[in-house]
Amino acid sequence: REAIPADTALYLPGIATPGNVATLVYAGVDLVDAHHAVLAGSQGRYLTVDGARPLDRLSELPCACPACQTDVADFDRPACAAHNLNALAAALATVRERIRQGRLRGYVEGQARHENWHTAVFRRLDQQYGYLEQRTPVIRQATMAAATDDSLRRVEIQRFAERVTSRYRNRFDNPLVLVPCSARKPYSESQSHGQFHDAIQFRAHTVSMTSPIGVVPQELELTYPAQHYDAVVTGNWSETEIVFVADVLAEYLRRNDYSRIVAHVPPEGYTDIVERATAAVERDLEVEYTVEDHPTTTDSLANLASTLSSELKYSKRERQHNTLKAVADFQFGEGAGDALFPDLQVSSRYPKLRAHDEDGEQLASLVPNYGVLSFTLAGARRWVESDAPTKEIEIDDFVPHGNVLAPGVVDASDDIRVGDEVVIRGPQAFGVGRAEMSGPEMVESTRGIASGVRHVEEL
């Protein structure tokens, strides 16, 4: 896949089955055929999405396709070949629909459990992080199902944890309060977090602990995938989850120094994570625990409020400014928030924030669906003139309207990913939009939409 141009289809003949086709497509295969399915049927192997079964061992036909509308005793090898074709067609239709929904990865996680070979291939693919990361969008509309420990290796999960622990910087002077996540997203709209807020009252910086995301500072609760995942809730943490979240929390605490740390978390699982994380940090960290049995009981909430009673509150203005700067750091790189917004003015209510410069010109707005910044032309100009890392598309001598097609791309930043905010520059035009391809794919491709265009001006 890496050895051929991005817009060249990869054909893998003679291997596709209903059971493996999702894994093949996830690996980058574009085109398959039915040769193996037909051959398997002529050999008396009945194919399903969960493996192959010898025809002479079937007691009934577990399928409702036209070829299977007969008694198992009358089901011969030609009928088996016809069934295999139908089963493969149905599996491919499922894969295509999952791609449209942005949910192929979750489906492959489930499919990989049916045969050991699929599991081995799936895990080897997860080891190719660089390959997968370049091809994984930074935002999606679909909810991300996190149902297994394999979910922790998803690019979206690893990318979020890496950015929180290497790009994000806490800007509040208040103590840290660690709280559990909630089933409802964003967390602040849940009943439990509403109770936490009533007790904290802007006197502390709230960070949520969660599997599979790791840790989520309050400023990033909207940012993909923090409000887009759905985890299995049993009340018990696996050792893999504990290790992962503890490692992320330890890295977070190494990077951010707090005057106090308050852990308002359930004793089961969460306490173990906090203790592991603080023990791993190479400085003395004292943690105050405020939960007696459950975080939302009256006594626990009273303990939390009492513990923070002497702390000063931060203002709404500080919260808004810190949110925009934190999202900029996360989205564009370390230090981007201060570089882009040194003279920040904010309008509108959280989370629909808009950044303005000192003259009142709008620079950017926070997109609440994904928790990312969207620039105006003024904001894009400030972006390229600042010290913040930029993602640019160099185009040919034309003014784009609507979209930039790949043939018109001269060059593009290597670190552009699908969904990234990008600056579009050419001899005749300056614009801003959102990428529809990765940077390397834009440069390699001779067809397709490279980027959408939100605003553009003719030079």
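**Figure 1. Arg254 and Glu251 in helix α9.** In this predicted model, a salt bridge links the side chains of Arg254 and Glu251, with an N to O distance of 2.5 Å. The two residues are 3 residues apart in helix α9 (residues 239-255), so about one helical turn separates them. Arg254 has a relative accessible area of 37% and is therefore partly exposed, and Glu251, at 37% relative accessibility, also counts as partly exposed. Beyond this pair, salt bridges that share partners join Arg105, Glu109, Arg113, Asp126, Asp150 and Arg153 into one network.

**Figure 2. Arg100 and Glu97 in helix α3.** A salt bridge is formed between Arg100 and Glu97, whose closest N and O atoms are 3.0 Å apart. Both residues belong to helix α3 (residues 77-101), where a spacing of 3 residues means that about one helical turn lies between them. Arg100 is exposed, with a relative accessible area of 60%, whereas Glu97 is partly exposed, with a relative accessible area of 36%.

**Figure 3. The buried pair of Asp329 and Arg171.** Asp329 and Arg171 form a salt bridge in which the closest N and O atoms are 2.9 Å apart. Asp329 lies in helix α12 (residues 316-332), while Arg171 lies in the loop between α7 (155-166) and β4 (176-180), so the pair ties together parts that are 158 residues apart in sequence. Both Asp329 and Arg171 are buried. In general, side chains of opposite charge can pair when their charged atoms come close. For the whole protein, the count of salt bridges comes to 31.

**Figure 4. The enclosed strand β18.** Strand β18 (residues 429-434) is largely enclosed by the rest of the structure, because 6 of its 6 residues are buried. In a regular strand, side chains alternate between the two faces of the sheet. For β18 both faces are covered, with Ala429, Gly431 and Gly433 buried on one side and Phe430, Val432 and Arg434 buried on the other.

**Figure 5. Strand partners of β18.** Strand β17 (residues 421-425) runs antiparallel to β18 and is joined to it by 5 bridges, and the hairpin that connects β17 to β18 passes through 3 residues. Within this pairing, Glu421 stands opposite Arg434 in β18. Strand β20 (residues 455-458) is also antiparallel to β18, the two being joined by 4 bridges, and in β20 the residue Glu457 is the bridge partner of Phe430.

**Figure 6. The whole protein, as context for the close-up views.** The protein contains 15 helices and 20 strands, and its C-alpha atoms fill a box of roughly 80 × 65 × 35 Å when taken along the principal axes. Of the 459 residues in the protein, 52% are buried.

Definitions and conventions. Residues are numbered from 1 along each chain as its sequence is written. This is a predicted model: local features need pLDDT of at least 70, side-chain atom pairs count only at pLDDT 80 or more; totals for chains, interfaces and linings use all residues. Side-chain values use heavy atoms; hydrogens and water are left out. Buried means under 20% relative accessible area, exposed over 50%, partly exposed in between (1.4 Å probe, protein chains only). Two strands pair if DSSP finds at least two bridges between them. A salt bridge is a side-chain nitrogen of Lys or Arg within 4 Å of a carboxyl oxygen of Asp or Glu.
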